[in-house]
Amino acid sequence: MSRKALEDTNYEMIKAHILYPDESPLPLEKRELLDRIISASKILDKNPIQKNAVSLHQQKYPDVSRSQAYEDLRLAVRLFNSLQTFNYDFWHTWMINDIVRNIQACEKKNDHQHRKIIAMEHSNLLKAVGERPEELPDPARNEKHQFYILVQNNNQQIKIDINKLKDIPTAVLEQLNKAIWGGEEITESTAEEIMKS
């Protein structure tokens, strides 16, 4: 029988381990792995360069091999990363799947206590998914509204309709480009830098 990966562990068990480590419901090997991953996550927050983070992680856990240290960092990024790189889609999907598995397991039992758990999990699922919006987004919204680009030059505002932008002659676009960028022509490398920023 294969053991479950840490990522397949019930969210409530991980939460209980973090909140009450002395009374942790996790098996010993998962406790150690989770502690290492939480430590790796804290190291990554302070030292985002992986090579340096691996060295610091190995200093804290000398028994861990280099490949295992990289694996710990990879798991830390997926499970406990910072707000800037947090994968909300992965976390949200994981939580919803966990709730659905709990509901399915309780439906098989079909007794009064498990029906209460099902009701509670349905409530959790509604919180995770959210209420259905009263008005769904209109796919033809762009056709109903006009969108403009406002260009301001020497206290003069020019309103350019996005739908008519393609109809503007190339010579006018070049003049507009010169007016905005001070007469300098944009090179390909400058354009790449602008797109990256």
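Predicted model: local features only at pLDDT ≥ 70, side-chain atom pairs only at ≥ 80, totals over all residues.
Me: Why is I162 called partly exposed?

Reply: The relative accessibility of I162 is 40%. Buried means under 20% and exposed means over 50%, with partly exposed in between. I162 therefore counts as partly exposed. This residue is placed in the loop between β2 (156-161) and α8 (170-180).

Me: Which residues touch the most other members of the largest nonpolar core?

Reply: They are I37, L44, A53, L73 and A76, in a core of 17 residues. Two or more residues come from each of α2 (28-46), α3 (50-60) and α4 (66-79). The greatest contribution is that of α2, with 6 residues.

Me: What makes L73 a contact of A53?

Reply: Contact means heavy atoms within 4.5 Å. Neighbours within four places in sequence being left aside, A53 has contacts with I43, L44, N47 and L73. Apart from this core lies another, of 8 residues, including M95, I96, C106 and I118.

Me: How many residues does the protein have, and what share of them is buried?

Reply: The protein has 197 residues, of which 22% are buried. Its accessible surface comes to about 15500 Å², with 53% belonging to carbon and sulfur atoms. There are 9 helices and 2 strands.

Notes. Residues numbered from 1 in each chain as written. Heavy atoms only, no water. Helix = DSSP H or I, 4+ residues; strand = E, 2+ residues; numbered from the N terminus. Buried < 20%, exposed > 50% of the residue type's maximum accessible area, 1.4 Å probe, protein only. Core = buried A, V, L, I, M, F, W, Y, C linked by side-chain atoms within 4.5 Å. Areas by Shrake-Rupley, 256 points an atom, 1.4 Å probe, with all protein chains shown as cover.
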